[in-house]
Amino acid sequence: MNVARILYGSSSNSPVPDQDADVVWFSGCTIKCPECINRRFWEPRRGAKMSVDQVVQKVLMGRSAWVSLTGGEPSEQPELVEFLKLIRAKKRKVLINTGLEYEEFISLGLLEYVDALKYGPYMAELRGGFGSLNQRMIIRAGDVFAELPYRDMKELIISNSTITETGYGTNFQ
Ligand code: SF4
């Protein structure tokens, strides 16, 4: 897997306000939305090459209820299903942030492995909401998914002398 970054204990990257998420930024994205704010994660080699077990180990160093997968495009990681199975076996809930449309994501057969999904390409002219207003976030509620409302999700995380600005709608560049 190509891992560009891991961040622990983020509230703004969680789908629900009262539970944090540990965040994995994968590198590699062929969707290439115009005006993408994460262009530095388009190139797969930008990230460290790690085995599935290595990524799982790193993620489990966090203690958050959620694991948020972003990028880059998480669905382009060939070993994603194996990773999702291992993470969910450890009782972590998974949010995938994908630039694919809902139908495109469904066709990959990945929905059964996620607890929440943010989907849709980033469209700068519709900036707002989870990034842009065409994007949606859904969360598992039993056998079905319910849509989540937009909320203010920006934060600063300070650790080891590093300040990280993160959250949906934030310009990282
Ligand atoms: S899917 Fe995400 S990383 Fe890829 S181009 Fe779109 S916004 Fe950027």
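In what follows, Ala, Val, Leu, Ile, Met, Phe, Trp, Tyr, Cys and Pro count as nonpolar, Asp, Glu, Lys and Arg as charged, and the others, Gly among them, as polar. By these classes, the shell around the ligand has seven nonpolar, four polar and two charged residues. The structure is a predicted model.

**The ligand**

- Of the 13 residues around the ligand, those that come nearest are Cys 29, Cys 33, Cys 36, Gly 99 and Tyr 122.

- Strands of a sheet pair through backbone hydrogen bonds, either parallel or antiparallel.

- E1 and E3 run antiparallel and are joined by two bridges; here Asn 2 stands opposite Lys 49 of E3.
- E1 also pairs with E2, in the antiparallel sense and over five bridges. Within E2, Val 23 is the bridge partner of Leu 7.
- E2 and E4 are paired in the parallel sense, again over five bridges, and Asp 22 stands opposite Val 67 in E4.
- E6 is joined to strand E9 (residues 136-141) by four bridges, and the two run antiparallel. Leu 117 stands opposite Ile 138 in E9.
- E9 pairs in the antiparallel sense with strand E10 (residues 144-147), over four bridges. Ala 141 has Val 144, in E10, as its bridge partner.
- The hairpin of E9 and E10 has two residues between the strands, and in this hairpin Gly 142 takes a positive phi near 75 degrees.

- Val 24 is in contact with Val 3, Ile 6, Val 55, Val 59, Val 67 and Leu 69, leaving aside its neighbours within four places in sequence.

**Helix H1**

- An α-helix has 3.6 residues a turn, so residues three or four places apart point the same way.
- In helix H1 (residues 52-59), the buried residues are Val 55, Val 56 and Val 59. These residues lie on the same side of H1, because they cover an arc of only 100 degrees around the axis.
- The other side of H1 carries the exposed residues Asp 53 and Gln 57.
- The cover over the buried residues of H1 includes strand E1 (2-10), E2, E4 and H2.

**Loops and backbone angles**

- Lys 32 is found in the loop between strand E2 (21-26) and strand E3 (48-49). Its phi is near 50 degrees, a positive value in a residue other than glycine.
- Lys 32 counts as exposed because it has 11 C-beta neighbours inside 10 Å, and the cut-off for an exposed residue is 12 or fewer.
- Glu 35 is found in the loop between E2 and E3, and its phi, near 65 degrees, is a positive value in a residue other than glycine.
- Glu 35 has 11 C-beta neighbours inside 10 Å and therefore counts as exposed.
- Gly 71 and Gly 72 are joined by a cis peptide bond, with omega about 15 degrees. Gly 72 is found in the loop between strand E4 (66-70) and helix H2 (80-89).

**Gly 167**

- Gly 167 lies in strand E12 (residues 162-167).
- With 19 other C-beta atoms within 10 Å, Gly 167 is partly exposed, since a residue is buried if 20 or more lie within that distance.
- Not counting residues up to four places away in sequence, Gly 167 touches Ser 12, Asn 13, Met 153, Lys 154 and Glu 155.
- Gly 167 and Ala 65 are 102 residues apart along the chain, and their C-alpha atoms are separated by 17 Å.

Conventions: Residues are numbered from 1 along each chain as its sequence is written. This is a predicted model: local features need pLDDT of at least 70, side-chain atom pairs count only at pLDDT 80 or more; totals for chains, interfaces and linings use all residues. The arc is that of the directions from the helix axis to the C-beta atoms. Two residues are in contact if their C-beta atoms, placed from the backbone, lie within 7 Å. Two strands pair if DSSP finds at least two bridges between them. A residue is near a molecule or strand if its C-beta atom, placed from the backbone, lies within 6 Å of it.
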